[in-house]
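The sequence and the model are shown first, and the explanation follows.

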Amino acid sequence: MPRLLPYLLLLPATAFLCLFFLFPFVQVAHDSVMRNGVYTLENFSRMAGHWKFSTAFWNTMLLTAVVVPIQLAMALTMASIVTKLQRGRSTILYIFAIPLGISDLAAGLIWLSVFEQSGFLNSLLVGLGVVDQPILLLGYQNTWIIFIAIVLAEVWRATAIMMVILVAGMGLIPKEYGEAADVFGASRWQKFRRVTLPMLRPSLQTALILRVILAFEVFAVVVALGGTQLPVLMSETYHWQFQMQERGVAAAFAMVILAVSVAFTILILRLLHVPKGARV
Amino acid sequence: MKTLTKWRMTAMAATVSALAGPVVAEPLFWSTQAKPIEESQKMRDDVLASFPGGVDYQPSDEGPWLTRMQAELQAGSGTIAVLGGLHGDLSSLGADLVDLSGIDAAAVGPAMMELGALGTDEQKYIPWMQATYLMVANRKALEFLPEGADINALSYDQLIDWARATAEATGGPKFGFPAGPQGLKHRFFQGFLLPAYTGSTVTEFRSDAAVTAWETFRDLWQYTNPAATNYGFMQEQLVTEEVWIAFDHVARIADAFNQRPDDFVAFPAPAGPKGRAFMPVVAGIAVPRTAPDMEQSMALVAHMMKPETQIATLRATNFFPVIATELPDDMPASVKASGPAIAAMTGAPDALPALLPMGLGDKGGQFNQVYNDTFERIILAGQDIPTVLDEQAEVLRALMVEANAPCWAPDAASDGPCPVN
Amino acid sequence: MSAPSVRRAGNRVFVAGVALLILWVLLPIWLLFVNALSAPAEVTGFPKRFIPSFDLASLSFFFGFSGVIDALWNSVRVAAVTMVLSIGVGAPAGYALSRFDFPGKELFRFLVVMTRAFPLPLLALPLAVMFIRTGLDDTILGLALVHTTLALPFAVLITYSLFSGIPLELEEAAWTLGCNRVQAFIKVILPLAAPGIAASAVFAFVISWNEVFAAAVLTVENRTLTAFLLQSLDVSPLPLKFAGGAALVLPALFFIFAVRKYLFAMWGIANR
């Protein structure tokens, strides 16, 4: 019985995912290697041959590479603050968690109202007399401003996901470890580096994997702020599925997103390996 | 195992019917049009309430709209009674649409009915409502209109002069063009710019005249607000005054007139050497082969063709009737502004109608992509015009051959796929 | 500089940092509500004011809109079922992953992660076909099943990392004191894991609440608020966009507020 217990516990989730993920997934994956009834890699070659493919691919990578480290640092900071607080802890945790409740579409709307030409940022700049006339921020010549705006919006929107996971994890680190470090005269930074971070590994791993995977599927915020000027993998997937009505090519894009996600998941699992014996 | 599944399905079906309550056979009207929340409310209250038994009007984005329809077709049974969509939305579903030639639509013009045949001998959809694209200007821009220019008979060169003068006077580009992901820019290239210069949409795609057309647009682009790559509905930027002169679909400028009727004027699209080209837009209604109750679906389609329904639709959506009918006087400001401008455009001595793509089937999106890619490469990426046109022409030719689509107006009729010279 | 003054300076930096982070999170929300609570002319005007004029026209449009209440109720029901399902199915898996070593463990974690690495809009078509064939189409349960698929990876991985952080010795101690495995789990582990479970619940709720594509495809009569509002937002006039955005955000904020204390539940025990 004890041998079977883990499988028994996994059974509901496995059955569930097989039915509602694996089954439809296999059909879409099949679409990606099928064209006019024959097995072929033509969908992939059409995808790779399209002039926007490499831009979309590298935009996605670059966004992830910039956004996720910032989010990790901020989430760690926020989680440490919340853990350290004596008073007002749950209020501040709540405030930090607010962006969780905001859909990516709504977040795109909010940040567009900040950055558009008649938006809040320009109102502020004109009001302070920094500029005489509202300046154009999201123009197609200044892709880097669009990029920064998207980074800000994504950092704002999705840091809370990591923060909540890390807060829950930090709560489980026994106080004795910190106290022991104090006895040896460790500074705050040393305590954080040598005690908190190693103990936080399981939560860090979870938070990073989930965040990175979702970052590869970034879409609504990019479209709201970047228009057609910053193609990402997900927006191209949509485009091929619904505008071009080439389900095979869209499926090929989705397979690329999947492959990249799998690769990075393996990388994170390796880098933040949680040894079994390392339990508290 | 098998009995268990069966039992489960029965239980599920029982639960479902219990949750749904008594069966009300309201036909489901699944539409990509009248999506803004106020418009869909008017569709339900003013347009469809008079249909006996009521109608369940559900608007969707194109993605979910298409996905649900495809799912019902694949599953072989459905709840969608009637589909509403633009010509382009419906043309990809051609094979799965029921022949509607039994419905009396004699009041609709034959050219429009032919569009609805989607290149087959069946009536795949019935034209439901129509619109086109117009120019709009903030009245503040009128003082910069070039000397001697008639706003109702502008040329592209005059438009550029006007946009330049406005930009110089205000210190920033004030022309607006919907080049964002939701924007309908491809229709401008297909139905306005290229035909005005080449008299063609497809055949003369890479002619010298087409090079001139793109050079003209590149000039205009200098005075176009660079945020245009985010613009979808020009009414927004007109109202916020980010732009003073704009081009867009009549339904997408309506809100500017309805909010501030006295501040804006609508006027026809400009003319090029070959004429004042413009593209009519047609939305249609169709019945999928999986409709649960064919008779009811047909009755609903017929209901949509009644003059009073057509006028109510105009009020709700800013799309005009497809049948000839007298409009009452109490129309919204947007209709009052765009009606005369459309009349001036279609009735102009140099008017050159360019039809929507025909016979492309599910290749319509890729056809649009050819024009959008050309725009992005020439205008945004600054690539050499003849080179880009040569390359894109190859894509276009391959597409026409693959779809085996003959030419449509203004291109001269062709045997076999429409040639690209 | 003496040690206390360094500490005081450090505290000041700390307080300033916290204030800055709070401002960073709240300012955009504030701007959303400024736009939602202002008159249409102000929303489209320039320069923008940073204080709303409390014009409720746009917002009341939504709440007076027919079908909004039904859609709200549908959203709540779908989110509730999603929460129950994703924790009920996900937490046992998370526990198994943390407590046992068995062949296929890594593979399972992969499968779970993979489900979030694939774009849902593409899966919607085969799912919809399946649902139409089985009669799950256009039901609360059907949509909740899809949303659970989205929330499950969060539930499994979060509970996994939480259970991993709970010392096995605690459980073993309970066993020696005469508890069986189930009792030990309920009496000892569950209270400690409450924050993780609360976090999973928050994720499940929020994911379900904000999911629009599957909701738009899989519900017709029983549309959720998101499918009902959000689809039409990007084509609606600007003031309505913001009012609709605010109307969608509010319930989610109330929900997070309601469960916030569970995120810290049993803190003392864990830190003892």
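At roughly what angle do the axes of helix 7 and helix 9 of chain C cross? In this predicted model, the axes of helix 7 (residues 140–165) and helix 9 (residues 181–210) of chain C cross at roughly 165 degrees and come within 9 Å. Because an angle over 145 degrees counts as roughly antiparallel, helix 7 of chain C is described as roughly antiparallel to helix 9 of chain C. The crossing of these two helices of chain C is right-handed. From helix 7 of chain C, the residues that make the contact include H147(C), L150(C), F154(C) and F163(C). Helix 9 of chain C contributes, among them, A193(C), G196(C), F203(C) and S208(C). Sorted by class, this contact between helix 7 and helix 9 of chain C holds 13 nonpolar and 5 polar residues, with no charged residues.

The two helices belong to a chain whose secondary structure consists of 13 helices and 0 strands. Along its principal axes, the C-alpha trace of chain C spans about 75 × 70 × 30 Å. Chain C has 272 residues, and 56% of them are buried.

How confident is the predictor in chain C, and where is its confidence lowest? The average pLDDT of chain C is 84, and 95% of the residues score at least 70. Confidence in chain C is highest in helix 6 (residues 120–134), at 93, and lowest in helix 13 (residues 267–270), at a mean of 37. The pLDDT is below 50 over residues 265–272 of chain C, and this stretch has 14 contacts in the model beyond near neighbours in sequence. For the complex, the predictor gives an ipTM of 0.87 and a pTM of 0.88.

The next topic is the contact between chain B and chain C. Chain B provides 33 residues to this contact and chain C provides 27 residues. On the side of chain B that touches chain C, at least two residues come from each of helix 1 (2–20), helix 2 (37–47), strand 2 (56–59), helix 3 (62–75) and helix 9 (234–239) of chain B. Helix 3 of chain B supplies the largest share of that side, 9 residues. By class, the side of chain B that touches chain C comprises 15 nonpolar, 12 polar and 6 charged residues.

Some details of the backbone also deserve attention. Most peptide bonds are trans, and most residues other than glycine have a negative phi. In chain C, the peptide bond from F46(C) to P47(C) is cis, with omega near -5 degrees. P47(C) is placed in the loop between helix 2 (40–44) and helix 3 (57–63) of chain C. F54(C) also lies in the loop between helix 2 and helix 3 of chain C. Although F54(C) is a residue other than glycine, its phi is positive, near 55 degrees. F54(C) counts as exposed because it has 9 C-beta neighbours inside 10 Å, and a residue with 12 or fewer is exposed.

Chain B has backbone details of its own. A cis peptide bond, with omega about 5 degrees, joins A409(B) and P410(B). P410(B) is found in the segment after helix 15 (385–403) of chain B, and N404(B) lies in the segment after helix 15 of chain B as well. N404(B) is not a glycine, yet its phi is positive, at about 50 degrees.

Finally, chain A has a secondary structure of 13 helices and 2 strands. Its C-alpha atoms fill a box of roughly 70 × 70 × 25 Å, taken along the principal axes. Of the 280 residues in chain A, 51% are buried. Residues 24 or more positions apart make up 72% of the contacts in chain A with a separation of 6 or more.

D31(A) lies in helix 1 (residues 5–32) of chain A. It counts as buried because it has 22 C-beta neighbours inside 10 Å, where 20 or more are required. Apart from its neighbours within four places in sequence, D31(A) is in contact with R247(A), G248(A) and A251(A). From D31(A) to G178(A), the separation is 147 residues in sequence and 54 Å in space, C-alpha to C-alpha.

How values were computed: Residues are numbered from 1 along each chain as its sequence is written. Chains are lettered from A and ligands numbered from 1 in the order in which they are written. This is a predicted model: local features need pLDDT of at least 70, side-chain atom pairs count only at pLDDT 80 or more; totals for chains, interfaces and linings use all residues. Two residues are in contact if their C-beta atoms, placed from the backbone, lie within 7 Å. Helices (H or I, at least four residues) and strands (E, at least two) are DSSP runs, numbered from the N terminus. Ala, Val, Leu, Ile, Met, Phe, Trp, Tyr, Cys and Pro count as nonpolar, Asp, Glu, Lys and Arg as charged, and the others, Gly among them, as polar. Axes are lines fitted to C-alpha atoms, for helices over the stretch in contact, and angles run from 0 to 180 degrees between N-to-C directions. Angles under 35 degrees count as roughly parallel, over 145 as roughly antiparallel, 65 to 115 as roughly perpendicular and the rest as oblique. A crossing is left-handed if the near helix is turned anticlockwise from the far one by less than a right angle, and right-handed if clockwise. pLDDT is the predictor's confidence in each residue, from 0 to 100.
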